[in-house]
Amino acid sequence: MLESGNTGSSAPMRYFCTYFDQRYLPRGLAMYESLRRNCPHFKLWVLCLDAETHNYLEAIKRPDLEPITLEEFESGDEPLKQSRKNRSLLEYYLTSTPSLPLFIFEKDPAVELITYLDADLYFFSPLDSLFDEISDHSIAIIPHRFPPSFRKAERHGIFNVGWVSFRRDSVGLACLQRWRTQCIERCADSKDGTQFADQQYLDDWPDIFQRLSVIQHKGANLAAWNIANYKITARDGNIYIDNEPLLFFHFHGLRRLNRYVYDTCFQHYGAKLSPLIIDKIYRPYLREIGMLSNPGATGALLPPLARESAAKRSASSPLRAFDLLKHLLQRHYLFVGRLGV
């Protein structure tokens, strides 16, 4: 893993925001630590979705991490608070995504470019090349890049919300305000493909907004849903996606099934785990989560996904054992003897 460290005071300041609750605290902290290694000067605002998360982040006191209470975030924002009444808690959290960068712009006038990050990202290389690609654009988004065999998944959104950047200018603010209005009006985590929470609203941005950058770097937002597109190699201690360095991996959908087995969701996208992917991408992430886990947190490490059905959780033991063996043999599931290796 490439660790950049602090490369000097000449590096520009970068601003990020994210949100998570107590269940996802280890993932959020792993994202923060990997960002700290690969972005010398940054500030990360964390919207804490429960009091326990805020109390913990206040206690560890990181100078480049500022926790925000949900009460502070909602204060004076009646439309956002009212949206709680007609959606699930998960849908309400997703509704909040575009409001968070707007909140940061209002909170800190020094911020000229803010990037929203999903809490399940993990950074492997310095981000200079990514910000060079963003340059002076007002908006930056990253396509899912589904493989041809899974292009039907674009019905859930052409672009992924894992990394979205906005500049404090007329275009960036107009885009954020439009997205916020849409999410408050409707942000449904529907199963019929008509809407996927806050994500599908990004589809028409390239046609509507000028000064928008569609990020092309293959190493940005690598994930289970697009890794089948690329040749993954390692040399000189670094990971390459085709011939571009891995900047960050999106661990969306990664679940801990039992003490030793993790579901990577690779089977859904026609991808398979290789020893290199296991050793150079998944093991570092799981190792760091293991070191950062709060023993008192509910579902420490990796809890089941919120969308997992009760029927699936209560499946009979023989069937679960058969499925585990099948997916392990097909290199969809990851077996980890212990997190320290």
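Start by selecting Arg178, which counts as partly exposed because its relative accessibility is 26%. Buried means under 20% relative accessible area, exposed over 50% and partly exposed in between (1.4 Å probe, protein chains only). The model is predicted: local features need pLDDT of at least 70 and side-chain atom pairs pLDDT 80 or more, while totals for chains, interfaces and linings use all residues. Residues are numbered from 1 along each chain as its sequence is written, and side-chain values use heavy atoms, leaving out hydrogens and water.

**Stop 1: Arg178 and Asp204.** The term covers a side-chain nitrogen of Lys or Arg within 4 Å of a carboxyl oxygen of Asp or Glu. Arg178 sits in helix H8 (residues 170-185) and Asp204 in the loop between H8 and helix H9 (205-208), so the pair ties together parts that are 26 residues apart in sequence. Helices (H or I, at least four residues) and strands (E, at least two) are DSSP runs, numbered from the N terminus.

**Stop 2: the whole chain.** Zoom out. The protein chain has 12 helices and 16 strands. Of its 341 residues, 55% are buried. Among contacts (heavy atoms within 4.5 Å) with a separation of 6 or more, 75% are between residues 24 or more positions apart. The chain exposes about 15,000 Å², of which carbon and sulfur atoms supply 52%; these areas come from the Shrake-Rupley method with a 1.4 Å probe, and for residues only the protein chains shown count as cover.

**Stop 3: helix H2.** Select residues 51-60. Thr53, His54 and Leu57 are buried in H2. Seen down the helix axis, the buried residues fall within an arc of 95 degrees, so they line one face of H2. That arc is taken from the directions from the helix axis to the C-beta atoms. Asn55 and Ala59, on the other side of H2, are exposed. To see what covers the buried residues, show strand S1 (14-20), helix H1 (25-38), strand S2 (42-48) and strand S3 (65-69), which are included in the cover. Then step to Lys61, which follows H2 and has a positive phi, near 50 degrees.

**Stop 4: Arg62 and Glu33.** Select both side chains, which form a salt bridge at 4.0 Å, N to O. Arg62 lies in the loop between H2 and S3 and Glu33 in helix H1, so this pair ties together parts 29 residues apart in sequence. Arg62 is partly exposed at 31% relative accessibility, whereas Glu33 is buried at 9%.

**Stop 5: the sheet S14-S15-S16.** These three strands form an open sheet in that order, with antiparallel pairing. Strands S14 (255-256) and S16 (333-335) are the edges, each pairing on one side only. Pairing requires at least two bridges found by DSSP between two strands. S15 (residues 261-263) and S16 pair over three bridges; to locate one, select Asp263 and its bridge partner in S16, Tyr333.

**Stop 6: helix H10.** Arg283 and Asp279 both lie in H10 (residues 275-292), four residues apart, about one turn of the helix. Their side chains meet in a salt bridge at 3.2 Å, N to O. Arg283 is buried, with a relative accessible area of 18%; Asp279 is partly exposed at 41%.

**Stop 7: a network.** Finally, select Lys43, Glu66, Glu72 and Lys107, which are linked in a network of salt bridges. The structure holds 13 salt bridges.
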